[in-house]
Amino acid sequence: MNVTALMKAVPGSVAQGLIWGLLAIGVYITYKVLDYADLTVDGSLCTGGAVAVMLMLSGYNPYVALICAGIAGMLAGLVTGIFHVAFGIPAILSGILTQLGLYSVNMRIMGKSNQAISVDKYNLILSLRDVPKAILVSGIFCAVMITILYWFFGTELGRSIRATGNNENMSRAQGINTKTTKVIGLMISNGMVGVAGALYAQYQGNADVNMGRGAIVIGLAAVIIGGVLFGKIFRNFAMRLVGVIFGAILYFVVIAIVLQLGLETTDLKLVSALIVAAFLAVPYIKGQHRINGKKGGKANA
Amino acid sequence: MLELKEIYKTFNPNSPSEKKALKGLNLTLEQGDFVTIIGGNGAGKSTMLNAISGVWPVDSGQIVIDGVDVTKLPEHKRAIYLGRVFQDPMTGTAADMEIEENLALAYRRGQTRGLRWGITAKERGEYKTLLKTLDLGLESRLRAKVGLLSGGQRQALTLLMATLKKPKLLLLDEHTAALDPKTAAKVLALSDRIIEEHGLTALMVTHNMKDAIAHGNRLIMMGDGHIVLDIKGEEKKKLTVEDLLQKFSVASGSEFVNDRALLS
């Protein structure tokens, strides 16, 4: 392994980790808070990127474009939510349907499969041409988003969303409209993903119709790595979200190492899948051991 | 306070697993009635409570709580009128949330939940006082996750949550069945005290005949989806387990043998 080349790649990994960390926080909201496996993410990431790039190409301010990307993501979440709560479609399938439909929507938004936006001609918020700035900007975004979410999930509405994910029966018994809370949770999550898409498109200098493929797995990887490695230290909600961001950064560092070991970029999907599978397996296998240990203890007593 | 008129409910209609759970159920409760409900497995006891709570819509009939027809209201809207405690201690509380958060969720039952902070310092003081009355030491553990509590502690907390906002009707669905006898007795005594203090109207399903006789001012026995026996007033006060068994065999024309009730 070429250590020098790896060290050169690390700052880029950190920048990517911070950007994808925003997506991972979105995934955390559905997967962990709402207990809802939402696959909309693969589509809404590109929707956010597409909306932002097209608006900037038409001369809009990049921050306006960013907000619109967030709103577009929220609309995608709304659609998934309606599929699920109003039409009774199972959670996973609702997300798959939206994700599939979004492919066509994203093509319509962009007009072709790839829209480039050059940092030389446009005033982008961040770009891989200036990695330190990208790290600073995306780091600020993460900090601001975590602060807002920490506040929101402490409000009456936020707590009722957490209660819905934790115990739906109890939530309804306490008068919470769990259909509404689920939809709001999905919208917030995909709004975050839309913003991540807008930042990522600027970072890589284009929006591509395939940019979201497998995004859910990367998001899950960050959530799970963050949970397994930092779950014991970070107990507070805001710190858990920080753990998710660290998880995303670590993921991209691992990817950089893997690339340095000589794997092709096309191998990365397999690597991602295996990383997620491995980190999902760890708590499960540990749990199995604990159960066996308990049984043994009882038999001895 | 509560009127159930000709309630019918069939699960899995027109299938091999069809189950006619409620068949023309009628029940009227007066303000302040504390009714214990017994009956064999599948008699429709829990189904009746679920029909009142709106877990699913009934096939036909009418449910009126304190003059309001709630038959068509979804579960979360009926929650304004109802306090509920379930058989499984896991059901009534959110395990990954703190004790005070659970109480704060219950405190806002029937209110619009907006962007105000989810719990105030003033509430916290009230919760401490209330938790102290449970005598379980929970008042010093406001920030502990509910998942760390024992089954009995969770049921006591659920009971507190169910009555934090005074409900029109308290529904206790075998809420002591999953507890050990000592804890069950404690939770039952607590239920008695809370019902009396607030002058609540309550329905309590139980598998224990002695409990059904010892608590409340009225006892109903269910069988085959409707009420087969309704004992109140002086008659209820003098009731014994033997009376009850005998009345049951008369009412249903069969022996009360297929049930855990006989064992306790």
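Strands E3(B) and E8(B) pair in the parallel sense over 4 bridges; two strands count as paired if DSSP finds at least two bridges between them. Helices (H or I, at least four residues) and strands (E, at least two) are DSSP runs, numbered from the N terminus. This is a predicted model, in which local features need pLDDT of at least 70, side-chain atom pairs count only at pLDDT 80 or more, and totals for chains, interfaces and linings use all residues. Residues are numbered from 1 along each chain as its sequence is written, while chains are lettered from A and ligands numbered from 1 in the order in which they are written.

**Strand E3 of chain B and its neighbours**

- Within E8(B), Met204(B) is the bridge partner of Thr36(B).
- E3(B) also pairs with E9(B) in the parallel sense, over 5 bridges, and Val35(B) has Arg218(B) in E9(B) as its bridge partner.
- Because 6 of the 6 residues of E3(B) are buried, this strand is largely enclosed by the rest of the structure; a residue is buried if 20 or more other C-beta atoms, placed from the backbone, lie within 10 Å of its own.
- Phe34(B), Thr36(B) and Ile38(B) are buried on one side of E3(B), and Val35(B), Ile37(B) and Gly39(B) are buried on the other.

**The sheet of chain B**

- An open sheet of 6 strands runs in the order E6-E7-E8-E3-E9-E10 (chain B), and its pairing is mixed.
- Its edge strands, each pairing on one side only, are E6 (82–85) and E10 (226–232) of chain B.
- From one strand to the next, the twist averages 20°.
- E6(B) pairs with E7 (residues 169–173) of chain B in the parallel sense over 4 bridges, and Leu170(B) in E7(B) is the bridge partner of Gly83(B).

**Two helices of chain A**

- Helix H3 (residues 62–85) and helix H4 (residues 91–110) of chain A pack at an angle of about 140°, with their axes 9 Å apart; axes are lines fitted to C-alpha atoms over the stretch in contact, and angles run from 0 to 180 degrees between N-to-C directions.
- H3(A) is therefore oblique to H4(A), a term for angles that are not under 35 degrees (roughly parallel), over 145 (roughly antiparallel) or 65 to 115 (roughly perpendicular).
- Residues of H3(A) including Phe83(A) and His84(A) meet residues of H4(A), among them Ala91(A) and Leu102(A); contact requires C-beta atoms, placed from the backbone, within 7 Å.

Notes
Two residues are in contact if their C-beta atoms, placed from the backbone, lie within 7 Å. A residue is buried if 20 or more other C-beta atoms lie within 10 Å of its own, exposed if 12 or fewer, and partly exposed in between; C-beta atoms are placed from the backbone.
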